[in-house]
Amino acid sequence: MQFSAPGLTADDVLRTFESEAFPLFLGAAIAATGLVAAAIAVMRPRRASLLVYFALFALVYGARMWLQTRLVGYIFDGSRFFDRVRMAINFVVPVPAFLFFDGAGFLRRKARLLTFAFFGVFAFLTVATLIAGPSDRYEQANDILVIAALVVLLTEPMRGNAPGRDFIVVRRGLLVFAALALWDNVVGFSRLRLPRIEPLGFVALLACLGYVAAHQAMQREQQLADIQKELEVARRMQLSILPSEFPTSGKFHVAARYVPMTSVAGDFYDYVLADDSRAGLLIADVSGHGVPAALIASMVKLAATSQRSQADDPAALLLGMNAALHGNTQSQFVTAAYVYLDAEANELRYSAAGHPPMLLLRQGNVSEIAENGLMLAAFDFAAYQTVTHALRPCDRLLLYTDGIIEAANGAGEFFGAENLSNLLRETAAVSAHKAADHIIRSVQEWARSQDDDLTVLVCDYLA
């Protein structure tokens, strides 16, 4: 190693190293702690901001300890830029510390505004030192800011509610650090020329911060685990309100496929009526996603069940559902489509509420059946009409939610109604179950990612 300090001998370097072995070792240990924390933060599957701030704080403070040693100064002796960096890093050290306190929830709104205002001053002092060089005024300003910030940290959470255990731990670390720093600057270092003990206070503070970071990380992991368990229970409950297989029928074969975007979702289907000669198929889509949509989907189930007596009149069934849902869905709305199939009369009756049209596959041709009124739960004055069509042997009906046709590929192109019609035509020779599987699989292969729930109902008339 080459040292540029003139007249510096190997013995001088050795004596300097011996006298500064402790701060060099402690600075390296603190920086190593920061590196370990940074590695843990990177390896964690979820964002861990507290660990990141903790790592930055340790790395910057450890680097400052090394830069302030005479041994490192020998390497850059005569370098004006090194002198500026060595002083400027003093203004950088508080920043990750206060980011940690904010991320841990120790700062209230006024304290946050005041602390982040300090950041602007720290940034100015850093840039000014790097450009113009060190200044005693900059050091004095930094000392005043740090003391003021420490006062804010130690007093602000005491107002109002009692501080939590994490803050009590950090406050004790801050008090130790402040006491030892005060000793160095007022008593020990300036008057008696005793060894600096502030780094020991920093180690105590760092240990407290590490405890808080680990404790809060474990708490969040537990909270996420609890949420996952609750979502799993909600998922099972939602699946329980969906019918399983359509009852065995000599006239109708029905297959349903439901693929939620998240654990719970807002798509819904039901067999309002199901016997050997009649079928009433309902499909619905609640606006939004997740738990709120799933809760409203359960309300749709109850609303549909309450209208079972109107199963042969689609318009009346939807009107009754709208009356039951209106005012009870927290401004969310529901689109729905309902078809009543009568094998004895060889006819279907259909009505919808803001829902994509039903598709009919007959003798290789696909046509749309549409009769839309206003969406459910949005307007108390909504009205609905029923359209009637003849049923023919081997007819295949497809009900679906908009997640099917609005699935987008990497270029942002929707799957679209035309592709769905072509896909339905391709399934003419396979069973209803295979057709439903093929439709879902084709949409998933098309889409770059699933951005909505996917639900299809395929019904074959076998008279």
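This is a predicted model: local features need pLDDT of at least 70, side-chain atom pairs count only at pLDDT 80 or more; totals for chains, interfaces and linings use all residues.
Let's start at one spot: Val259 stands opposite Leu454 in strand E11. The two strands concerned are E1 and E11 (residues 454-461), which pair in the antiparallel sense over 8 bridges.

**The open sheet**

- E1 and E11 belong to an open sheet of 5 strands, in the order E1-E11-E10-E6-E7, with antiparallel pairing.
- Which strands sit at the edges? E1 and E7 do, since each of them pairs on one side only.
- Neighbouring strands of this sheet are turned by 20° against each other on average, if you ignore direction.
- Helix H14 (residues 416-426) lies across E6, E7 and strand E10 (396-400). Its direction runs at about 35° to E6.

- Ala255 lies in strand E1, which covers residues 252-259.
- Is Ala255 buried or exposed? Its relative accessible area is 0%, so Ala255 is buried; the cut-off for buried is under 20%.
- Leaving aside residues up to four places away in sequence, Ala255 touches Ala432, His433, Ala436, Val456, Leu457 and Val458.

- Strand E2 (residues 267-274) is mostly covered, with 7 of its 8 residues buried.
- E2 pairs with strand E3 (residues 278-286) in the antiparallel sense, over 7 bridges.
- To find this pairing on screen, look for Asp270, which stands opposite Leu282 in E3.
- How many residues join E2 to E3 in the hairpin? The link runs through 3 residues.

**Two helices side by side**

- Helix H3 (residues 49-67) packs with helix H6 (residues 94-103) at an angle of about 160°, and their axes are 8 Å apart.
- Angles over 145 degrees count as roughly antiparallel, and H3 and H6 are therefore roughly antiparallel to each other.
- The crossing in which H3 passes H6 is left-handed.
- On the H3 side, the contact is made by Leu50, Tyr53, Phe54, Leu56 and Phe57. On the H6 side, Pro96, Ala97, Leu99, Phe100 and Gly103 take part.
- What kinds of residues make up this contact? They divide into 9 nonpolar, 1 polar and no charged. Gly counts among the polar residues, so look to Gly103 of H6 when you search for the polar one.

**Two loop residues with positive phi**

- Gln363 has a positive phi of about 55°, although it is not a glycine. You will find Gln363 in the loop between strand E6 (358-362) and strand E7 (365-369).
- Is Gln363 buried or exposed? Its relative accessibility is 73%, so Gln363 counts as exposed; the cut-off for exposed is over 50%.
- Ala377 is another residue other than glycine with a positive phi, here near 75°. Its place is in the loop between strand E8 (372-373) and strand E9 (387-390).
- With a relative accessibility of 8%, Ala377 counts as buried, because buried means under 20%.

Conventions
Residues are numbered from 1 along each chain as its sequence is written. Side-chain values use heavy atoms; hydrogens and water are left out. Axes are lines fitted to C-alpha atoms, for helices over the stretch in contact, and angles run from 0 to 180 degrees between N-to-C directions. Helices (H or I, at least four residues) and strands (E, at least two) are DSSP runs, numbered from the N terminus. Angles under 35 degrees count as roughly parallel, over 145 as roughly antiparallel, 65 to 115 as roughly perpendicular and the rest as oblique. A crossing is left-handed if the near helix is turned anticlockwise from the far one by less than a right angle, and right-handed if clockwise. Contact means heavy atoms within 4.5 Å. Buried means under 20% relative accessible area, exposed over 50%, partly exposed in between (1.4 Å probe, protein chains only). Two strands pair if DSSP finds at least two bridges between them.
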